[in-house]
Amino acid sequence: MTQLSMKSKKAKNDVVVSTSQLTNMQRILRDKWLYFLLIPGALYFILFKYLPMWGVLMAFQDYSPFRGFWSSDWVGFDHFINFFQNPDFIRLLRNTLILAFYDLIFFFPAPIIVALLLNEVRMQFFKRTIQTLVYVPHFMSWVIIASITYVFLTTSGGAVNAVVEFFTGEKINFLSSPDWFRPMIIAQVIWKETGWGTVIFLAALASVSAEQYEAAIMDGAGRFRRMWHVTLPALRSTIVILLILRLGNFLDQGFQQIYLMTNSLNRDVADVFDTYVYFVGITQGMFSYSTAVGLFKAVVGIILIYGADYFAKKMGQTGLF
Amino acid sequence: MKMKKSLLLLLFSLLLSSILVACSDDSDTSSSTDEGGDDASSETNSGDGSEDAYDISIMTTSHSPEPPGNDSPVVEAIGEFTNTNLDITFVPNSNYDERFNITLASGDLPSLILTGKTSSFINAVHDGAFWDLTDYLDDYENLSQMNDIVLNNISIDGKIYGIYRSRPLGRMGVTIRQDWLDNLGLETPTTIDEFYDVMYAFTHDDPDGNGQDDTLGTIVSEYEGPWDIMQTWFGVPNKWGVADDGTLYPHFQDPNYREALDFFKKMYDEGLVNEDFAVMDPAKWHDAFVNGEAGIIVDVVDAASRNQDQMIDADPSLEGTVDVFGAVEGPNGLYNLPTSGYSMMYAISKQAVETEEELHKVLQFMDDMSSEEGQTLAFNGIEGRHYEMEDGVYTPTTDQSLIYEHEDTNQLLTFVPEDRYLEKPLQELEEKEEEVLETNEEIVVGNPAEPFVSEIYSRQGEQLDNIILDAKIQYIVGQIDEAGLDEAEELWMNSGGKEYIEEINELYQATQ
């Protein structure tokens, strides 16, 4: 590994000296092993990401599996028009957006806060243990988390409701109340993914040199000053990039989780684009229509990611592209 | 330097080969199964030396955790009996619809595929994916005896596209704890009012005599079936009612519907039904009855003996504590909800079965499976392995792995025209169940729109149904009031319901 990095360092030095004298072909030949290493990744993207992308054309067809892609009728934007005129559209958009905002406000900062807290912990053993414990939930499947939630929150013998009843004398129907649906979803996400999210921030924090902290201490900065003026600025670019990436998935709500927590009593607030695509596409077999819905989501995602990147650059931050 | 290069090369080739392996995985396995099929066919060919065994692939549901593989002795015996090479794909019942649609989309259909009369199936029929069997069925001894009412129910545009799996029409019924009734000095309820009184007593009067307030009248899960059955008692039509002027209207516009909902709401408010029913996993539904937490369960008739068997397993003294009846009388008479008389059907794919000659072989297979030998093989398994016959008494094996080996092959059976498999002598309760099934047939309420195929319903039926179902549940738990129900009905109308009613009425008038 060290040999490898030394080699690339050396190569870099070469480039500085002689870039202008090399043709593209020569450069490729010189770095041929690096390009070789690129092939598996490129193949993956071509095979599994770019080739299937032609399937989105289905959204403009009245696709029937038996007539096949080539002989299905083309219908233009019919499916999109139907979708936007459907009374469900507003409800889906509202539910999706509200959940997305909640996610951004409550979940997104959570890993940053935990990373900052962990960074202040002095005892290495304690820090490591906490770090491991908080990212264990990431490896549990949503099915398990939904069952755990059910066991804890059910009104017939759930632990949480036992406590609530003890203090207030009444039970709260978390699982079937539309008011509790969103808090419950966000709480699940925070519990499951916060620990995992801290990994990247902790990595970024590891690169802050101790000298900066020492200098700050010399200047008389306390703990919070140090956090504010040294730690957070060190994290800033990481936060911005993760935020931009998150906005790209703004409308993705994690189908499994929502699907598992939905029931007759909270469906009104629980239906989001992802579950709608499943119900319409897979259980009702309307492939073209659900592809159109999925495509609409993807377009919104692209707009958001480019928009966020543009604004990040305007604000003087490094963007993605 | 050399070292490093060769190391890189090694790494790279490792990466590449792992990708290639991953890519070729599918083709590998499929070709190997093909080979397996060929082997089997050559074996059977040399075995009987007559006509070549015909390859039939089947996709169907499974209910046991370990469905039999194609090498199961039962599957092989069925193949031998019908002179076919079977390739059966068992899909867990709980996500069958999903797999069905994905299989449709993949375009790679098996010869026989189990399907409900769902919108995607109907669309596929319109695209010409399945054989029209209408004119072929009469040529087969058993298949020609299918029931006309059920055939009408499964028909699409007046044609038959599948072989239905027969189920008793009057299968809905109430399972009740007889010993609880006895303890409280109550009679089996015969009217809705008495039914309410029994539920009330079961909830509040300590029917199990343990001195604790730990019992419920009835138990309901997320599955809406019990509400549908109970509302039928009130005289609510089965999905569609016929108005005085001969037009059809959706069941929730019936005046009795609100009355039924008020009754359910009262049940819920007074705690006669479990508070968490709207989120309860249907798989755990019957546990509460079996464990003695609830005294009544409104479901299918045969649940009575199934539940009693489980109760006896845990405590033999509970024998004879369960009773069953069909329905209780409402203000307008005695009604019960029927099934549609079938549980899904086997459709034959035009893609896998290309010629009429092949179609004949597939139909012959289904016909053979309805014979006594076919039903016994698929339902009971192989004599000496899965069951014993002594002096005409049938004793099935109790070895769980042997049960799994053949249990799910009964999914292949249509039971047309009748049950012909081996049965244990009926217990008392099972005889009672048979009686209830029969008396039910006289009081079931038919759905006048059952045979019709609605364009709108096939597009957005699920959303339409959910609007009404959700409103019903919300009303029962008190999330919405009468005005909320009205709003939901209006939403239903504006979401395509109005057009749906018109469409169904057009179809209905055309047949009158």
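## Basis

The model is predicted: local features need pLDDT of at least 70 and side-chain atom pairs count only at pLDDT 80 or more, while totals for chains, interfaces and linings use all residues. Residues are numbered from 1 along each chain as its sequence is written, with chains lettered from A and ligands numbered from 1 in the order in which they are written.

## Interface of chains A and B

In this model, 29 residues of chain A are in contact with 38 residues of chain B (contact: C-beta atoms, placed from the backbone, within 7 Å). On the chain A side, at least two residues each come from helix 3 (32-50), helix 6 (87-107) and helix 16 (273-283). Helices (H or I, at least four residues) and strands (E, at least two) are DSSP runs, numbered from the N terminus. Helix 3 of chain A gives the largest share, six residues.

By class, the chain A side has 15 nonpolar, 11 polar and three charged residues. Ala, Val, Leu, Ile, Met, Phe, Trp, Tyr, Cys and Pro count as nonpolar, Asp, Glu, Lys and Arg as charged, and the others, Gly among them, as polar.

## Helices 7 and 13 of chain A

The axes of helix 7 (residues 109-120) and helix 13 (residues 223-248) of chain A come within 11 Å and cross at roughly 130°. Axes are lines fitted to C-alpha atoms, for helices over the stretch in contact, and angles run from 0 to 180 degrees between N-to-C directions. The two helices are therefore oblique to each other (under 35 degrees is roughly parallel, over 145 roughly antiparallel, 65 to 115 roughly perpendicular, the rest oblique).

Ile112(A), Leu116(A), Asn119(A) and Glu120(A) of helix 7 meet Arg223(A), Met227(A), Thr231(A), Leu235(A) and Ile239(A) of helix 13. These contact residues divide into five nonpolar, two polar and two charged.

## Sheet in chain B

Chain B has an open sheet of five strands in the order 2-1-3-11-4, with mixed pairing (strands pair if DSSP finds at least two bridges between them). Strand 2 (84-92) and strand 4 (163-166) are the edge strands, each pairing on one side only. The twist averages 25° from one strand to the next.

Strand 4 pairs with strand 11 (residues 342-348) in the antiparallel sense over three bridges. Ser166(B) stands opposite Tyr342(B) of strand 11.

## Asp138(B)

Asp138(B) lies in the loop between helix 4 (119-126) and helix 5 (148-154) of chain B. Asp138(B) is exposed, with 9 other C-beta atoms within 10 Å (buried: 20 or more; exposed: 12 or fewer; partly exposed: in between; C-beta atoms placed from the backbone). Its C-alpha atom is separated by 46 Å from that of Met280(B), 142 residues apart along the chain.

Definitions and conventions: Contact = placed C-beta atoms within 7 Å.
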